[in-house]
Amino acid sequence: MVDPTVAFNVATQAAIEGLPYEQKRALVLGMALRNAELPVAIGSFVTGGGEGKLLFQGSRAALRSILRTSSVEGVSGWQGLRIMERLGERAMNSVSISAGEEGTVALNMTKVYEGGSTVTTSTINRAGEEVSLVRRIYDGAGKLIKEKVLKE
């Protein structure tokens, strides 16, 4: 007997693929927003005195779901593949993607633990190449304790 969840997912994905881009994007984001385990926020933010654009913020599961069925506006297909690769590598509580200079995107992967958090930032160019990797460790009050450049 076929698992009804699997049958539904296959049928749903096939139906989603046939929709125009804007409808597909709205549907996928809407599904993620309605699922309490898949929080998503799309908007803009200001960082480091400069204007940046937040392309995605939420759980790893939500981002994987969106990248499998659609795309994140502002993220190239090559960048999406690199992000999917990065999402499978380590434990994390939340992720965000923000637009950078010259078409790059910054993937921020946050792991929260008792007494602090670790944020690993991977900067990916339009061709999907990781051009930098930085890990920052914060204490429970959000104060930066240590920063390590893993790749320049």
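Arg82 and Glu85 form a salt bridge (a side-chain nitrogen of Lys or Arg within 4 Å of a carboxyl oxygen of Asp or Glu), with the closest N and O atoms 2.9 Å apart. The model is predicted: local features need pLDDT of at least 70, side-chain atom pairs count only at pLDDT 80 or more, and totals for chains, interfaces and linings use all residues. Residues are numbered from 1 along each chain as its sequence is written, and side-chain values use heavy atoms, with hydrogens and water left out.

Both Arg82 and Glu85 sit in helix α4, three residues apart, about one turn of the helix. Helices (H or I, at least four residues) and strands (E, at least two) are DSSP runs, numbered from the N terminus. Arg82 is partly exposed at 26% relative accessible area. Glu85 is partly exposed too, at 42%. Here buried means under 20% relative accessible area, exposed over 50%, and partly exposed in between (1.4 Å probe, protein chains only).

Now take α4 as a whole, residues 77-87. Its buried residues are Gln79, Gly80, Ile83, Arg86 and Leu87. They cover an arc of only 120 degrees around the axis, which puts them on the same side of α4. That arc is taken from the directions from the helix axis to the C-beta atoms. On the other side, Gly77, Trp78 and Leu81 are exposed. The cover over the buried residues includes α3, β3, β4, β5 and β6. Contact means heavy atoms within 4.5 Å.

The structure holds three salt bridges. Another one joins Arg86 to Glu130, with the closest N and O atoms 2.8 Å apart. This pair links distant parts of the chain, helix α4 and strand β6, 44 residues apart. Arg86 is buried at 9%, and Glu130 is buried at 11%.

Next come the strands. Two strands pair if DSSP finds at least two bridges between them. β5 and β6 run antiparallel, joined by nine bridges. Five residues separate them in a hairpin, and Gly128 in the turn has a positive phi of about 85 degrees. β6 also pairs with β7 in the antiparallel sense, over six bridges.

Arg136 ties these pairings together in the text: its bridge partner in β7 is Glu147, and Val119 has Arg136 as its partner in β6. Glu147 and Arg136 also form a salt bridge, the closest N and O atoms being 2.8 Å apart. Glu147 is partly exposed at 45%, and Arg136 is partly exposed at 23%.
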